[in-house]
Amino acid sequence: MMLAERVFLDLDRCIGCRTCFAVCYYSHGREPIVHFGCPGEVEVPLICRQCDEPACVEACAFGAMHRDEHGIVQRSIALCRGCGACVAACPFGALAAQTYEHRIAKCDGCEDVVLQGALPRCVAACPAGALHFAAEDQLAATGLYVISGRTVGHDLYRRR
Amino acid sequence: MSDATHCLLCSLGCPLQFAGHGERRILVEPVRGAARGLCGRGIGQGDLADHPLRLGAAWHRDGDDVRRVSPRQGLALLGEVLEAAASSGPAALVADGNLPCEELVILARWSAARPGRAAMAVHLPPADLDALDGVSSVAARVIAPEDVAAYDGVVVIGDALATHPALARDLLDWKYAHRRGLLIAVDTHRSVTSRLAAVALVVSPGAHQQVLAALQAMRVEGAAREDGAVSGGLADCLASGFPDLDGLARQLQAVRQLAVVVVPELTKNGDWASVVRAAVELAGDQGGLLPLYSFGNALGAYRVLRNLGLRTVPELLSMRAAWACVLQVGCELRSTYPAQLLAPLFAPGARRVSLRPFPADSSAAAELVLPLRLPGEYEGTAVDGSGRERTLRAGWPPAAGSVSVATVFASAASTASGVAETPWRVVPAPAPCHESATSPMVAAQAGAVRLLATVGPAHFDDGALTRMAEWTSHWEDHPLVSLGPEDAARLRVRDGDRLELAHDGSSLVLACRLDTTVPEGLALVPGHYPAVRRFLPWRLEGTRLVCSTPVVEVRRAECLQESSMPR
C-alpha cells in the first residue's frame with residue numbers, strides 16, 4: 001500500500017526556526033530525526049519523503065527498513081544494526097546515523113496521530129505554515145510546484 | 001484544570017496544550033485547530049517541567065551550611081528572614097514581569113502593606129520597557145498579528161521572524177495573498193526577515209529613527225525632488241546602498257494602509273521609545289502598529305507597574321538605598337546585568353532571597369531559595385502585545401514542592417488596602433518622553449568591530465530557562481561570534497578561530513563563524529547567554545537602562561585549525 005498523503009516543504013515559507021526538529025525530538029524518544037540542509041540561504045528540514053521505491057529499504061541487509069501496512073517506511077529497532085547502509089543509500093540526506101546507539105533514527109510519519117485523522121506533529125507545529133501534509137494532486141491547487149523531479153519517489157521541496 | 005494555556009515566551013501568546021504525561025514526561029503541542037503553530041522554544045517548555053536540575057525543595061544557607069528544607073519550612077524561614085531584616089533596613093522586591101497580573105498585584109499589596117519598609121520593582125527587558133513607554137506616549141492604533149491581513153503594506157523593524165517565529169504564518173499569508181503588497185524589512189543585517197521581504201534596508205545600529213523618518217518623508221513627498229533630498233535622506237542613513245530609492249518612494253506612496261511591526265531588540269537601538277514614535281508617524285492615521293515584546297505579559301506587567309506606581313529595575317537601582325534584604329521573584333538580575341551595575345542593590349550584608357524554578361549561579365549566594373512554578377504552570381491573566389487578555393491555566397500539573405506567588409505572599413498581602421484589583425485592564429497615563437539617548441555612532445577602527453547582540457528563535461530573554469530544554473543543545477550549545485567576510489579578511493581570522501573580544505577592560509573569548517549576511521564593521525553574537533549579556537556595556541541613564549553596541553577590539557586567541565596542522 002502506498003501513501004496518499006505526504007509531508008511537503010514550501011521553501012518560500014521556511015524560516016529555519018527548527019520547530020519541526022523540536023516537536024519531533026520530544027515526541028520520538030528524544031532522537032534527532034529531522035536533519036537540516038542548506039540548499040539556499042536558510043537551513044531547511046530534511047524530512048523523509050516516504051519514497052515509492054525507497055532506496056533505504058533496498059539497501060538494508062537486515063530487513064530493518066520496511067514499508068508497513070499503512071505505506072510508511074519504518075525502521076525496526078530490533079533488527080537495525082546501525083550499519084549505516086540506509087544512510088548512504090538515501091539520496092536526500094534524510095537519514096543520519098546515531099553512532100552512539102548503533103541505530104538509525106527514522107521518521108515514522110507520526111503514524112500514531114495520522115491514523116486518527118490528525119496532522120503529523122511537524123506539520124501541525126510549523127509556525128510558518130511551510131510544511132504541508134497533502135496528496136500530490138491537492139498541492140497543485142495551492143499554487144505550489146515541484147522544483148526538482150530527480151527523485152525515486154516524491155520530491156519534498158515545493159516552490160511558489 | 002484545563003490542559004490548554006497560553007505561551008508566555010513572547011507577546012504573541014500562542015495557545016498550547018500538553019499531550020499526555022506518562023511518567024510525567026510532558027509533550028507540549030499547539031492547540032489543534034486554534035493555533036497558528038508554536039515555535040521551538042514553546043515546545044521545549046515541556047522539557048523543563050521534569051528537568052533534573054529543577055528545584056523541588058527549598059534551600060537554606062546558614063554560613064557555609066546549606067541544607068534542603070521542605071516548602072513549609074521554607075515559608076517559615078522566609079518570614080524569619082524578612083522579620084530579621086526589617087529591623088535593619090528596607091527590603092527590595094524585584095518581580096519578574098512575566099508573572100501573571102494577579103501575582104504581580106499580590107506582590108504589590110505585600111509591598112504596600114510595608115510602607116517605607118519595602119519597595120517593589122517589576123523587571124522587564126529594557127528594550128521592551130522602552131518600547132512600552134513609546135507606545136504609551138502616542139495615540140497608536142495597536143493591531144494584532146492577524147489584523148495585518150487588512151493592510152496593503154507592511155514595514156518590519158527588526159528580525160521579527162527570528163524573535164517571534166509564530167508571526168510567520170500571518171506575515172507570509174499576507175505576503176502571498178498580496179502579490180502587489182509592499183513588505184519592507186529594516187534591520188541591521190541581512191536577517192531571516194530581510195530574506196523574505198520584497199525590500200530589505202540595512203541600517204546601522206541606532207539609526208532606525210532616521211530611516212523611519214526618511215521613509216515617512218518619501219511616503220509624503222513621493223519620489224526624489226529635483227535636489228534629491230528625499231531619497232537622499234534615506235540613502236544617508238542606510239548602512240549599505242539600496243539600488244532603486246525612487247521606485248521605493250513610488251511604491252510607498254501607493255500604499256494606502258501601512259502596518260508597522262516593531263521588535264525592540266537588545267542592542268540594535270538604545271531608544272526604542274523614539275523608534276515606536278517614528279513608526280507611528282510612518283504608519284499615519286490609517287495605519288496600525290504591531291509591537292512585539294519578548295515577555296508574554298510585558299503589556300500586562302507594564303500596566304500593573306504604571307497604574308500601581310511601582311518601580312522599574314533602573315528606578316530601583318537609582319534609589320541608592322541601603323537595602324537590608326533583596327527578594328527576587330522569578331527573575332535573576334545577576335544573570336542579566338553586570339555586577340557593577342547591580343552593586344547598589346546587592347551591597348554586602350543585604351540578605352538575599354530568591355524564588356526560582358531553577359538554580360542560577362547567583363542564587364548560590366542567596367540565603368534562601370524557594371522553588372517557583374514555571375510559566376507553563378502559572379494560573380491567572382496575561383495581556384498580550386495587542387492588549388488582549390489571555391487566561392493562563394496550568395498546562396500540566398505543577399511539580400511537587402513548587403510554590404506559587406499566591407502561596408507565599410497572599411496571606412501577608414491581605415492586609416494592604418488601596419491597591420486596585422485589576423490594574424492591567426486600565427490603560428496607563430502616557431509615559432513622559434525621555435531625552436533621546438541613541439548610542440553614539442562610533443565607526444569601527446582597525447582591529448575592531450561593533451558588537452551586536454541578536455535574538456534567535458530558540459531562546460527567551462537571557463536564555464537561562466530555555467537553555468534547559470535539551471533540544472537546543474543539538475542546535476547551539478555555546479555562543480559564536482559571526483563576522484562578515486570583509487572583516488574576517490581584515491582581521492585575518494578564519495572560520496572556527498577563537499577570538500578574544502575586548503572593551504573597557506572586559507573580555508570574552510568566543511569561536512568565530514564566518515557569515516556572508518553580516519555587514520562590514522559589525523559582529524553578531526547571540527544575546528541570550530549570561531556571559532555575553534554581562535560583557536555588554538550596560539549603563540544607567542537617569543532612570544533608564546541602556547545597552548549599546550560596543551566597539552570591541554578583536555584578537556585571535558588561538559587557532560584550532562592551525563594548531564592541528566603540521567608546521
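Let's start with the open sheet in chain B: 3 strands, in the order β1-β2-β3, with antiparallel pairing. Strands here are DSSP runs of E, at least two residues, and helices are runs of H or I, at least four, both numbered from the N terminus. Two strands pair if DSSP finds at least two bridges between them. β1 (4-6) and β3 (28-30) of chain B are the edge strands; each has a single partner strand, so one side of each lacks a neighbour in the sheet. Neighbouring strands are turned by 40° against each other on average, direction ignored, with axes fitted to C-alpha atoms. β2 (residues 15-18) of chain B and β3(B) share 3 bridges. One of the pairs is B:Q17 with B:E29.

A word on the source. This is a predicted model: local features need pLDDT of at least 70, side-chain atom pairs count only at pLDDT 80 or more, and totals for chains, interfaces and linings use all residues. Residues are numbered from 1 along each chain, chains are lettered from A, and side-chain values use heavy atoms, without hydrogens and water.

Buried means under 20% relative accessible area, with a 1.4 Å probe and protein chains only.

Last, helix α8(B). Its buried residues include B:V211, B:L215 and B:M218.

Terms used: Axes fitted to C-alpha atoms, helices over the stretch in contact; angles between N-to-C directions. Buried < 20%, exposed > 50% of the residue type's maximum accessible area, 1.4 Å probe, protein only.
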